[in-house]
Amino acid sequence: MSALLGLVALVAALLVFGRAIASKRRADQLPGARPASAIAVSDFGEIDAHVLARRCVCDGRYTSLGEGPVAGNDQLRLVRLECRDCEREALLYFDVSGTRVLH
Ligand SMILES: [Zn+2]
């Protein structure tokens with residue numbers, strides 16, 4: 001009987017792990033999730049709009065933890081996000097090569 005309970009627990013753990021991997025894979029395929037898929041913006045204000053529109057895999061909204069340049073690539077900016085519901089962290093890359101710099 002305990003072997004059966006152990007097997008059930010193992011299957012449940014594998015299902016949870018599999019779902020977590022699938023969620024991460026889906027999140028990694030969204031625009032801006034990687035430097036290669038950085039979202040092109042023409043204005044820095046667009047970054048805030050994208051952050052507000054982005055939803056976590058749990059459907060929660062994100063809050064920005066900080067924004068800055070990407071080391072070694074001044075064409076990209078990186079925003080660190082945290083889900084307000086599940087506290088999952090995510091990164092969002094933006095291509096700022098087309099922005100106008102105001103002086
Ligand atoms: Zn979430």
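Strands β3 and β4 run antiparallel and are joined by seven bridges. They belong to a predicted model, in which local features need pLDDT of at least 70, side-chain atom pairs count only at pLDDT 80 or more, and totals for chains, interfaces and linings use all residues. Residues are numbered from 1 along each chain as its sequence is written.

**Overall make-up**

- The chain has two helices and four strands. Both are DSSP runs numbered from the N terminus: helices are H or I with at least four residues, strands are E with at least two.
- Their order along the sequence is α-β-α-β-β-β.
- The chain is more spread out than a compact globule, because its radius of gyration is 18 Å, well over the 13 Å that the globule rule gives for 103 residues. The radius is taken over C-alpha atoms, and the rule is 2.2 Å times the number of residues to the power 0.38.
- The C-alpha trace spans about 75 × 25 × 20 Å along its principal axes.

**Burial and contacts**

- Of the 103 residues, 14% are buried. Buried means that 20 or more other C-beta atoms, placed from the backbone, lie within 10 Å of the residue's own.
- Among contacts with a separation of 6 or more, 47% link residues 24 or more positions apart. A contact requires C-beta atoms, placed from the backbone, within 7 Å.

**The sheet**

- Four strands make an open sheet with mixed pairing, in the order β1-β4-β3-β2. Two strands pair if DSSP finds at least two bridges between them.
- β1 (39-40) and β2 (62-70) are the edge strands, each pairing on one side only.
- Helix α2 (residues 45-53) packs on this sheet and touches β1, β2, β3 and β4 (89-95). The direction of α2 makes about 30° with that of β3. Axes here are lines fitted to C-alpha atoms, for helices over the stretch in contact, and angles run from 0 to 180 degrees between N-to-C directions.

**β2 with β3**

- Eight bridges pair β2 with β3 (residues 73-83) in the antiparallel sense.
- Gly 66 has Arg 80 in β3 as its bridge partner. Gly 68 stands opposite Leu 78 in β3.
- The β2 and β3 hairpin has two residues between the strands. Gly 72 in this hairpin takes a positive phi near 85°.

**β3 with β4**

- Leu 78 has Tyr 93 in β4 as its bridge partner.
- Five residues lie between β3 and β4 in their hairpin. In that turn, Glu 87 has a positive phi of about 65°.

Methods: A residue is buried if 20 or more other C-beta atoms lie within 10 Å of its own, exposed if 12 or fewer, and partly exposed in between; C-beta atoms are placed from the backbone. Two residues are in contact if their C-beta atoms, placed from the backbone, lie within 7 Å.
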